Amino acid sequence: MRQKIVAGNWKMNKTLPEGIELVKQLQTALEQNKPNCRVIVAAPYIHLASIYSIVDTNLIGIASQNIADHTSGAYTGEVSASMVKSIGCDYCIIGHSERRAYYNETGEVLAEKIRLALEENLTPIFCVGESLNDREANNQNSVVSKQLQEALFSLSAEKFKGIILAYEPVWAIGTGKTATPEQANDMHKHIRKEIETKFGNEIAEATSILYGGSCNGSNAPLLFAMSDIDGGLIGGASLATEKFMPIIEAFK
């Protein structure tokens with residue numbers, strides 16, 4: 001059975017007091033209503049140590065939203081894989097479309113981040129997805145295949161087992177637009193087929209692939225019911241417990 005996962009990406013939101021209050025509310029809700037999936041929170045760097053100190057990591061896994069493509073050195077403002085691992089993170093998001101678009105992260109850079117994360121026993125949540133232009137030109141499959149190949153397909157099969165994938169159509173992130181369950185599942189099937197071709201059926205069937213892109217409490221049950229969608233990487237709806245919990249409970 002593939003692991004079911006709902007991960008909340010807070011992006012650049014919440015002060016530290018607000019973040020602590022949110023995670024306390026979420027933990028209380030999860031204690032009262034045990035989830036049928038792995039719940040992960042990706043908070044801003046400066047919140048991570050404080051959050052780790054107050055959560056039950058059996059209930060809530062902690063992720064960084066990014067890591068540097070260097071181990072250490074004169075890289076002002078950067079945070080390394082070993083640093084986030086040292087404060088309790090077990091996961092890190094790598095390759096989010098916002099990082100690709102705003103900070104020009106290339107496949108080569110992302111491949112190095114994946115390598116460094118795995119060296120520190122961090123589980124990468126690696127994001128792929130196409131733009132609206134790519135979708136309208138029917139190039140979405142080739143775009144996503146290229147993203148997988150550039151960053152992940154030089155890994156050994158054993159290393160690849162440590163990866164979680166997230167499909168986020170760029171045109172659906174924060175726009176209120178959502179891929180239909182069928183559109184999303186078709187891409188997840190395509191991703192799984194690419195993994196099968198490279199690493200074999202057993203690894204492909206064991207890889208969790210999350211959907212991200214304006215997922216909410218209303219559409220999550222439909223999305224999560226699809227054969228190849230194993231959960232969600234949630235943005236805005238993860239910033240309030242009353243919006244995040246219905247997504248988690250879609251696995252009930």
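Let me start with a term: buried means under 20% relative accessible area, exposed means over 50%, and partly exposed lies in between, with a 1.4 Å probe and protein chains only. Helices (H or I, at least four residues) and strands (E, at least two) are DSSP runs, numbered from the N terminus.

Now the ground rules. This is a predicted model, where local features need pLDDT of at least 70, side-chain atom pairs count only at pLDDT 80 or more, and totals for chains, interfaces and linings use all residues. Residues are numbered from 1 along each chain as its sequence is written, and side-chain values use heavy atoms, with hydrogens and water left out.

First, helix 12. It covers residues 241-248, and its buried residues are T241, F244, M245, I247 and I248. They sit on the same side of helix 12 because they cover an arc of only 160° around the axis. That arc is taken from the directions from the helix axis to the C-beta atoms. The face turned away from the buried side carries the exposed E242 and K243. What do the buried residues pack against? Strand 1 (5-9), helix 1 (16-32), strand 2 (38-42), helix 11 (220-224) and strand 8 (231-234). Contact here means heavy atoms within 4.5 Å.

Next, strand 4, residues 91-94. Y91 and I93 point one way, C92 and I94 the other, and all are buried. Two strands pair if DSSP finds at least two bridges between them. Strand 4 pairs in the parallel sense with strand 3 (residues 60-64), over two bridges. There, S64 has C92 as its bridge partner. On to strand 5, residues 123-128: four bridges join this strand to strand 4, and the two run parallel. In strand 5, C92 is partnered by P124.

Now helix 9, residues 181-199. How far apart are its end C-alpha atoms? They are 26 Å apart, which agrees with the 27 Å that 19 residues should span at 1.5 Å a residue. The expected span is 1.5 Å times one less than the number of residues. Its buried residues include P181, H188, R192 and F199. Just after helix 9, G200 takes a positive phi of about 105°.

Last, E105. Look in the loop between helix 4 (97-103) and helix 5 (107-119). E105 is buried, at a relative accessible area of 9%. Its side chain makes a polar contact with the side chain of K113, at 2.6 Å. A polar contact is a pair of N or O atoms within 3.5 Å; within protein, one must be able to donate a hydrogen and the other to accept it, and residues adjacent in sequence count only if both atoms are side-chain atoms. Not counting residues up to four places away in sequence, E105 touches N66, R99, R100, L110 and K113.
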